[in-house]
Amino acid sequence: ILRRVQQELPGARIATPAYEWSRRPPEHVRPHEDIIIVLCSIECDFNRPIAGGTTEENRAFREDIAGWSEIAENLFIWDYVTNFRNFLMPHPNLDVLAPNVRFLTERGAGGIFKQGAHTGSGSEFYGLRMWVLARAMWNPEADGGELINEFLEGYYGPAAEAVREYIDIVHRPGREAPDMRMGTYNRLNRPYTAPGIMAEAETVLRRAGRAVEGDAELESRVRHARMPVRYVLAKRGPESVTWEKMEEASGELKMSDVADEFLQVAEERNLRQLAEGHVAQPWLEWVGDYAAAVSENEHAPRPPEAPDTVRRVVQAGHMEPHFSRGEWLEKADGASDGWAKRVPTHAWLVRQFFSEEEDFERGREYSLRVRVRGVGVDDAAEGTLARIGVHGEGPTPDSAELDAEMLRDGRWHVVELPAWHPQHGHGMWIALTPQADRAGSIEAVQMDCLWLEAVNRP
């Protein structure tokens, strides 16, 4: 291919990725001098610098870059500095930004590309990251901590000290836990989003806000710095332990205030995506509607089937983006808060992972309840059209089958899965069956909400 390209474009070079299955250098082939090898670090642990090689993932990458640097005339690095699953939640990787640039240049990288939240603006600390990365790539010997402090002082002014304290709070779990890994697809049940951590973060960020009162530009910058904490809070809702811990630490919270501030930041920062490929607008509209429902009812909306003993009902809007699309969150008549997730395919694209801090206590047995209805079921459809299940390591309950007869009536139904002992990493999935999807027997299933219901005492 290179030879054919160079016939038309003399001196041209071709870049090719060393990525996932092709990441390891070959044993018996050397790249042509005009081939640029682009080595990708997507499997690395970004909680700690690659140079240390203290985790299996980083040791493997160190071996690969050493191998490629021996045989490739041109070696570029495609590196990752964001959380593709949640652009807006805290992503405490600031400790590794400058050290990783230094390591890659020392290992012979002729170019470095840093991929951040590339499909949307307004992501968590995007300005700070761009500053540190640009300065470090200009001077790989630069001290990352000094670069961060320089940016904070220049960008946040009187709030710099409090924002620095917030950064230290969300980085603390990773600094203190040698076995904590942090990749590029992180869910909301990470240690650095635990209720206590978020409560600490809210406290210092409120102090940051007070420090810049009266300066409209600095107020906007601090609001954006607080956005990740408010995102976690909105995703967990007023029935959550996180909400309770924040109120204990900082005083009363109102869902309307949380929504108003979040929507203000979204407008100020032109927020377009919640995650890679996941548009923000439907969720932003849901936040406003949900806050209005909480204010009107003076409590969080929930379906009539959920008993008072259930602490938290996870609404469709509380669910994480994962690999679905934001437009799958849609208004739905009869849903407990007026919104539902649309499930139009047999792929597991609508999922929700449970949190031991919010949804269950270890050692207790629970059953999963999911409120659903069918949309566009063919009159001739028969048998199982969709399933709901739980996946993760260790024992999980058998999946529940949603048959044509139940889904055809268009009414909301609560489906119960058998009791089991939830573990960290267990998550709910819902999808059409491949047969029903291929045959077009059903247009979609709408999922209103879910909850875990305890069936025994500790």
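**Nonpolar cores, cysteines and backbone**

In this predicted model, the largest nonpolar core comprises 96 residues, and those with the most contacts inside it are Leu-128, Leu-152, Tyr-156, Tyr-166, Ile-167 and Trp-283. The most is given to this core by helix α8 (residues 216-236), which supplies 9 residues. Apart from this core lies another, of 34 residues, with Met-319, Phe-360, Leu-417 and Val-445 among them. In soluble globular proteins, nonpolar side chains tend to be buried together.

Tyr-166 illustrates the packing. Leaving aside residues up to four places away in sequence, Tyr-166 touches Pro-90, Phe-125, Ala-201, Val-204, Leu-205, Ala-225, Pro-228 and Val-229.

One of these partners, Phe-125, is found in the loop between β4 (111-115) and α4 (126-138). Phe-125 counts as buried because its relative accessibility is 6%, below the 20% limit. Most residues other than glycine have a negative phi. The phi of Phe-125, however, is positive, near 50°. Asn-270, likewise not a glycine, has a positive phi of about 55°. Asn-270 is placed in the loop between α10 (255-268) and β5 (273-275). At 45% relative accessibility, Asn-270 counts as partly exposed, because this value falls between the limits of 20% and 50%.

The cysteines remain to be considered. A search of the whole structure finds 0 disulfides. Cys-40 is in no disulfide, and the nearest cysteine sulfur, that of Cys-44, is 10 Å away, whereas a disulfide requires sulfur atoms within 2.5 Å. Cys-40 counts as buried, at 2% relative accessibility. Cys-449 also counts as buried, at 0%.

Key
Residues are numbered from 1 along each chain as its sequence is written. This is a predicted model: local features need pLDDT of at least 70, side-chain atom pairs count only at pLDDT 80 or more; totals for chains, interfaces and linings use all residues. Side-chain values use heavy atoms; hydrogens and water are left out. A nonpolar core is a set of buried Ala, Val, Leu, Ile, Met, Phe, Trp, Tyr and Cys residues joined through side-chain atoms within 4.5 Å. Buried means under 20% relative accessible area, exposed over 50%, partly exposed in between (1.4 Å probe, protein chains only). Helices (H or I, at least four residues) and strands (E, at least two) are DSSP runs, numbered from the N terminus. Contact means heavy atoms within 4.5 Å.
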